[in-house]
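Please open the model in your viewer and keep the selection tool at hand.

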Amino acid sequence: MRSHAVRGAEICRHLKSLTAVLPLIRHHHERWDGSGYPDGLRGEEIPLLARVLQIVDIYDALTNPRSYKPAYSASKALRLIQEEADRGWRDPQVVKLFLTLHDKIIVHAAEFTAGSDHYLEAMRNTLARLR
């Protein structure tokens with residue numbers, strides 16, 4: 001399990017189109033306090049987009065069923081992510097932003113998935129209110 005970040009980056013390193021995302025692949029399991037893997041990066045040593053990806057990845061893993069666990073509710077997933085930030089494992093600013101975006105946009109995503117212009121307009125209105 002702990003080798004998948006390095007192996008993923010190694011597999012993708014030969015693909016020019018993925019060069020920009022190699023740091024995300026490699027570092028999405030680093031922790032804000034330096035206790036993560038594979039390189040033990042800490043704080044802002046971890047690429048910003050890797051810090052963002054890890055929160056999204058955690059949320060997705062928690063809110064979808066796995067062979068070893070049922071899907072958690074969004075509120076339970078958010079609580080667990082906040083607990084990880086409180087332990088020093090996650091960038092507190094990225095977590096704070098994710099929680100804000102979740103409340104204002106992500107929780108409403110189902111409203112925007114039907115594909116009609118009505119839903120596109122609803123998304124525009126929601127995004128405009130964030131300014």
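**Stop one: helix 5**

Begin by selecting helix 5, which has 13 residues and reaches 18 Å from its first C-alpha to its last, close to the 18 Å expected at 1.5 Å a residue; that expected span is 1.5 Å times one less than the number of residues. Helices here are DSSP runs (H or I, at least four residues), numbered from the N terminus. This is a predicted model, in which local features need pLDDT of at least 70 and side-chain atom pairs count only at pLDDT 80 or more, while totals for chains, interfaces and linings use all residues. Residues are numbered from 1 along each chain as its sequence is written, and side-chain values use heavy atoms, with hydrogens and water left out.

Next, select Val94, Val95, Phe98 and His102, the buried residues of helix 5, where buried means under 20% relative accessible area and exposed means over 50% (1.4 Å probe, protein chains only).

At the N-terminal end of helix 5, select Asp91, which caps the helix with a side-chain oxygen 2.8 Å from the backbone nitrogen of Gln93.

Leaving aside residues up to four places away in sequence, His102 touches Tyr59, Ala74, Leu78 and Val107, a contact being heavy atoms within 4.5 Å. Helix 3 and helix 4 are included in what covers the buried residues of helix 5.

**Stop three: helix 3**

Now select helix 3, whose 16 residues reach 23 Å from the first C-alpha to the last, close to the 22 Å expected. Its buried residues, among them Ile55, Ile58 and Tyr59, pack against helix 2 (22–27), helix 4 and helix 5.

**Stop four: Lys69**

Finally, select Lys69, in the loop between helix 3 (48–63) and helix 4 (74–86). Lys69 is buried yet has no salt bridge, and the nearest side chain of opposite charge, Asp60, is 9.1 Å away; a salt bridge would need a side-chain nitrogen of Lys or Arg within 4 Å of a carboxyl oxygen of Asp or Glu. A polar atom of the Lys69 side chain does lie 3.0 Å from the backbone oxygen of Asn64.

Key
Helix = DSSP H or I, 4+ residues; strand = E, 2+ residues; numbered from the N terminus. Lys, Arg positive; Asp, Glu negative; His and termini not counted. Polar contact = N/O pair within 3.5 Å; in protein donor to acceptor, adjacent residues only side chain to side chain.
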